[in-house]
Amino acid sequence: MGIIGSTIKPFNATAFQAGKDFFEVTDEDVKGKWAVFFFYPADFTFVCPTELEDLGEQYAMLQKMDVEVYAVSTDTHFSHKAWHDTSEKIGKLNFPFLGDQNHVLATNFDVLREGAGLADRATFVVDPDGVIQIMEQTCEGVGRNANELARKIKAAQYVRANPGQVCPAAWEEGSDTLAPSLDLVGKI
């Protein structure tokens, strides 16, 4: 069964977030707003800080869109704090980092690398009902684009707020949408 359209499974993880004490995040905390689970292989690595910094540049806008971002790796919350305290790029970030050393989240989202204990590079967008609406997964050496992620979230929010409408390829906020019907078949 595909993961798109499925409801997130129960989890409990300890988070690190700049300026806060460690705190717990559960699947229940996610419900009621949009959420991004941004899995990456490990702290203190190479592509990961570039992706996380890129995502950090979109964080204020995502929060205005009622979206919370959770960076997730199989490291502990202590490792997340140490990375934040010692890396210039990571030290600028304000979203929560979830420790998944027991591999519950990576297993729940089916991104745990068998035998490696690391998460794949994957992004999941979860709607306010806890349903996974968007998923992106890339190979180890290919970083993601936070601008494109924000565009996809805007499209998902638009579709949710406007039943019967869909967003075509490369749709940008304010652009025309489509109302699927037999009249459109073969005309697009």
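**Exercise 1. Work out the order in which the strands of the open sheet are arranged, and find which strands stand at its edges.**

Solution. Begin with the strands themselves, which, like the helices, are DSSP runs numbered from the N terminus (strands: E, at least two residues; helices: H or I, at least four). Two strands count as paired if DSSP finds at least two bridges between them. With this rule, seven strands form an open sheet in the order β2-β1-β5-β4-β3-β6-β7, and the pairing is mixed. Next, look at the ends of this order: β2 (23-26) and β7 each have a single partner strand, so one side of each is left without a neighbour in the sheet. Finally, neighbouring strands of this sheet are turned by 30° against each other on average, direction ignored, where the axes are lines fitted to C-alpha atoms (for helices over the stretch in contact) and angles run from 0 to 180 degrees between N-to-C directions.

Before going on, note that this is a predicted model, in which local features need pLDDT of at least 70 and side-chain atom pairs count only at pLDDT 80 or more, whereas totals for chains, interfaces and linings use all residues. Residues are numbered from 1 along each chain as its sequence is written, and side-chain values use heavy atoms, with hydrogens and water left out.

**Exercise 2. Describe the surroundings of strand β6 (residues 121-126).**

Solution. First consider the partner strands: strand β3 (residues 34-39) is joined to β6 by five bridges, and the two run antiparallel. Within this pairing, Phe 37 stands opposite Phe 124, while Phe 38 stands opposite Thr 123. Helix α7 (residues 146-161) packs on the sheet, where it touches β3, β4 (67-73), β6 and β7 (contact meaning heavy atoms within 4.5 Å), and its direction makes about 150° with that of β3.

Then turn to strand β7 (residues 132-138), which is joined to β6 by six bridges and also runs antiparallel to β6. Here Val 126 has Ile 132 as its bridge partner. The two strands, β6 and β7, form a hairpin with five residues between them, and in the turn Gly 130 has a positive phi of about 85°.

Last, check the side chains: Arg 121, Thr 123 and Val 125 point one way from β6, Ala 122, Phe 124 and Val 126 point the other way, and all are buried (under 20% relative accessible area, with exposed meaning over 50% and partly exposed in between; 1.4 Å probe, protein chains only).

**Exercise 3. Which side chains meet Arg 113 in a salt bridge?**

Solution. A salt bridge is a side-chain nitrogen of Lys or Arg within 4 Å of a carboxyl oxygen of Asp or Glu. By this test, Arg 113 meets Asp 120 at 2.8 Å, N to O, and Arg 113 also meets Glu 140 at 2.3 Å, N to O. As for accessibility, Arg 113 counts as partly exposed because its relative accessibility is 22%, and Glu 140 counts as partly exposed because its relative accessibility is 42%.

**Exercise 4. How far apart are Glu 148 and Arg 151, counted in turns of helix α7?**

Solution. Glu 148 and Arg 151 are three residues apart in helix α7, and therefore they are separated by about one helical turn. Their salt bridge has its closest N and O atoms 2.9 Å apart. Glu 148 is partly exposed at 31%, whereas Arg 151 counts as buried at 17% relative accessibility.
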